[in-house]
Amino acid sequence: MTAVGYELIEDDHKSLPVMNAISEIEGIASITVASSMLSSIQGGKGVLLGGVPSVPPTEVLIIGAGTAGTVAARAALGMGALVKVFDQDLNKLRTIQQALGQMVFTSNFHPRVLHNAFRSADVVIGAMENLNPHKRYLIAEDLVRSMKKGALIIDLQMNQGGCFETTCCLSSADPEIFEQYGILHYCKPNISNYVARTTSMALSNIFVSMLKTLGDAGSIQALIQMEEGFGPECICMEENL
């Protein structure tokens, strides 16, 4: 059996096309989920994600300025929300500021600024990328506890162990939607599955050309020699004798 770790496949620009596609879909989907979960029928605060005249907009706090965080910020801004983005990578913050303009607030993990942002946030989206096992950040439980009652947390990194202390130790037997400290937690993994048709089409656009290249190469081993981004780090081979 030859297994391919698609999340590690690189393209000619040294980016991760499959992971980027899924991150884009989940970033947009997280704002759709937030809009739904804030409604009264779902047990939320009963507010619109964007404000209306005489009613202030909802405040959306995004932790992580990667692909998912950037797309989520764009979608939230499009719905009229007040958006704040935090990340420790200044280059990512600079990129998202240039892409979205001055309407989005950006900051690194300055303790006082982050604490104030959590206290005023209506929605917090965890979009920190934990692909590097040697450097992982978790949002402290004390910050979650400081949030106002009825606020919502959406963790987009459940497949990587979560990015909040209140979500990182969950097992498969634990509920995927629960309330803690009066804060509603949405911890369903792979929320791109809820827009399966869009996800399938996006991935097909990547895999079809990849499979054609594989056919021309004749084998996985030959493709590894041809494509630098399709290297040994994303291939696992096992022989059953």
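Two strands are taken to pair if DSSP finds at least two bridges between them. The legends below describe close-up views of a predicted model.

**View A. Strand E8 and its pairing partners, E6 and E7.** Strand E6 (residues 152-155) pairs with E8 in the parallel sense, over 3 bridges. In this pairing, isoleucine 153 stands opposite histidine 185 of E8. Strand E7 (residues 177-180) runs antiparallel to E8 and is joined to E8 by 4 bridges. Here isoleucine 177 stands opposite tyrosine 186 of E8.

**View B. The two faces of strand E8 (residues 183-186).** In a regular strand, side chains alternate between the two faces of the sheet. From E8, Ile183 and His185 point one way, whereas Leu184 and Tyr186 point the other way. All four of these residues are buried. Of these residues, histidine 185 is the one opposite isoleucine 153, and tyrosine 186 is the one opposite isoleucine 177.

**View C. Tyrosine 181 in the hairpin of E7 and E8.** The hairpin has 2 residues between its strands, and tyrosine 181 lies in this loop between E7 and E8. Tyrosine 181 has a positive phi of about 60 degrees although it is not a glycine. With a relative accessible area of 27%, tyrosine 181 is partly exposed. Arginine 145 lies over the face of tyrosine 181, at 4.7 Å from the ring centre.

View D. Asparagine 190 is not a glycine, yet has a positive phi of about 55 degrees. Its relative accessibility is 33%, so asparagine 190 counts as partly exposed.

**View E. The aromatic pair of phenylalanine 86 and phenylalanine 105.** A pair of aromatic rings is described by the distance of the centres and the angle of the planes. With a limit of 6.5 Å between ring centres, the count comes to 1 aromatic pair. The rings of phenylalanine 86 and phenylalanine 105 have their centres 6.1 Å apart and their planes at 50 degrees, so the pair is tilted. The pair links distant parts of the chain, with phenylalanine 86 in strand E3 (residues 82-86) and phenylalanine 105 in strand E4 (residues 105-107), 19 residues apart. Phenylalanine 86 has 0% relative accessibility and therefore counts as buried, whereas phenylalanine 105, at 37%, counts as partly exposed. The ring of phenylalanine 105 also has the charged end of lysine 84 over it, 5.7 Å from the ring centre.

**View F. A nonpolar surface patch made by Leu48, Val52 and Val55.** The area of this patch is about 260 Å². Leucine 48 is placed in the loop between helix H1 (17-37) and strand E2 (59-63). The relative accessibility of leucine 48 is 58%, so this residue counts as exposed.

**View G. Serine 120 in helix H4 (residues 111-120), with isoleucine 206 as a reference point.** Serine 120 lies in helix H4. At 25% relative accessibility, serine 120 counts as partly exposed.

Key
Residues numbered from 1 in each chain as written. Predicted model: local features only at pLDDT ≥ 70, side-chain atom pairs only at ≥ 80, totals over all residues. Heavy atoms only, no water. Phe/Tyr/Trp six-rings, centres within 6.5 Å; stacked < 30°, edge-to-face > 60°. Buried < 20%, exposed > 50% of the residue type's maximum accessible area, 1.4 Å probe, protein only. Lys NZ or Arg CZ within 6 Å of the ring centre and 35° of its normal. Patch = residues over 30% accessible without salt bridge, like charges linked within 9 Å, V, L, I, M, F, W, Y side chains within 5 Å. Areas by Shrake-Rupley, 256 points an atom, 1.4 Å probe, with all protein chains shown as cover. Salt bridge = Lys/Arg side-chain N within 4 Å of Asp/Glu carboxyl O.
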